[in-house]
Amino acid sequence: MSETRHGSASLRTDSMPAWTQHRYGEADAVALENIDVPAPRRGEVLLRLRATGLNNGDIRVMRGEPLLVRLAFGLRRPRQVVRGMDAAATVVGIGDGVTELAVGDEVVGELPAGGGLAMYAVCPASRLVARPAQLDAAVAASLPVAGGTAWQALALGRVVAPPAGASPQRVLIIGASGGVGTFAVQLAAGRGAEVWALCGDRNRALVEGLGAARTFDYRTVQPGSAELGEGRFDAVLDIAGTAPLRALRRLVREGGHVVLVSGEGGRVFGPIGRLAAASVLSIGSKRALRPLAAVAKPDVLAELLELAAAGSLRPVIETRFPFAEAGTALARVADGHVVGKVVVAAD
C-alpha cells in the first residue's frame, strides 16, 4: 500500500471499497465498488470506519427527495456518492492545522455530507469526540444523528428535570419506537418526565421498558383521541410528522410546546409547507408549534456517549449488518419500520 505525507501523519493513497450511488433512487441504486481513499484537507482528519449508523436522512439523500434536498446534495446526482453520516472510527491521518486529535484516537461523530459506508472517510476534527473505551463502536455509531436530534427536541420543548418538590412534566412522544423516539423516551424519563408514547402495538413493551409510563397503538390512538385528551401535556414531540397541526396544538397546556421533529409533504418541497403553516399558527399563541432544525453538536454527543457508557442510555439496535450487506441495510431503513437503529459494522 502506497503512502504520502500530509501534515504530520502518513495517509493511505490507494483505493478502498465503498458503497456508492451515481444516480438518485432506491437501495438498488447503491453498489459496492472501489474508489480513491479521500485525503483530509486543513482542519480535517482521515478516519478508518469501524461502524456507521443509518438514518432517515440518508434515505432522503439516497432518493433525492424531496427535490429541494438536491440543491444541497447535487441537482442531477449525489455530489457525495457514499451514504452514511453517523460514524465510529479510528483516526489514521491528520490534516494541516489539527492539534486536538492524534493518529490512533477512537472517535465518534457526524460526517457532514455522508461517506460512512466505506473503509475510509474524512471529517472536520471539530465534529468528532472521543469514544469511551468501554463503549462498543456499533453502539456509539447509533448516537450522533438520532440521539442528538432527540436531545435537541427535548431542549426546544423545554423538557427539564423538575425542581425539588415540583410535579414532573408530562411529555407525549409520537413515533416513539424509531431511532429518535427510543432516545427521546429515555432522555425525557431520565429528566423525571412522565412519558406517554405512541408506537406500533408490537413495540409497546419495548417502549415501556425504556421508561414510558403509558403507551398507545398509533393505529387506534392519535392526536384528537379521547385517550390523549386536550391540554394534558407540557410538551409533545411529533416525530411521525403526519398529525394535523391544530390537533397537536390542542394536546398541550397553555405555555406548552409542540416540537415538530419531522414532517411529510409533497415531492418537491417536502415538509416546508407544514412547517410554514406551523409558524403562522404559532403567531400570538400560548401553545407554540416549534419546528426543529437539528444540527451536529459535539458537546451534546459527548454527553450522550457518557450516558451510554454509564448504562443510563441504552441505544436500541434492531440489526447490525456486516459491511458486505450495507445495501440491504439501506433497504431496511428505506422500508420505514425500523425499531430503533440499523448499524453497519465495517470490521
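**Close-up 1. Asp58 in helix 1 of the predicted model.** Asp58 sits in helix 1, residues 56–63; helices (H or I, at least four residues) and strands (E, at least two) are DSSP runs, numbered from the N terminus. This is a predicted model: local features need pLDDT of at least 70, side-chain atom pairs count only at pLDDT 80 or more, and totals for chains, interfaces and linings use all residues. Residues are numbered from 1 along each chain as its sequence is written, and side-chain values use heavy atoms, with hydrogens and water left out.

Close-up 2. Asp58 is buried but has no salt bridge. Buried means under 20% relative accessible area, with a 1.4 Å probe and protein chains only. A salt bridge needs a side-chain nitrogen of Lys or Arg within 4 Å of a carboxyl oxygen of Asp or Glu. Arg83, the nearest side chain of opposite charge, is 5.1 Å away. A polar atom of the Asp58 side chain lies 3.3 Å from the backbone nitrogen of Gly84. Beyond four places in sequence, Asp58 is in contact (heavy atoms within 4.5 Å) with Gly53, Arg83, Gly84 and Met85.

**Close-up 3. Ala176 in a loop.** The loop holding Ala176 runs between strand 10 (170–174) and helix 5 (179–190). Ala176 counts as buried because its relative accessibility is 0%. Residues up to four places away aside, Ala176 touches Gly181, Thr182, Val185, Ala197, Leu198, Cys199 and Val207. Gly200 is 24 residues from Ala176 in sequence; their C-alpha atoms are 8.7 Å apart.

**Close-up 4. Cys123 and Cys199.** Cys123 is buried, at 0% relative accessible area. Cys199 is buried too, at 2%. The structure holds zero disulfides (cysteine sulfur pairs within 2.5 Å).

Methods: Buried means under 20% relative accessible area, exposed over 50%, partly exposed in between (1.4 Å probe, protein chains only). Lys and Arg count as positive and Asp and Glu as negative; His and the chain ends are not counted. A polar contact is a pair of N or O atoms within 3.5 Å; within protein, one must be able to donate a hydrogen and the other to accept it, and residues adjacent in sequence count only if both atoms are side-chain atoms.
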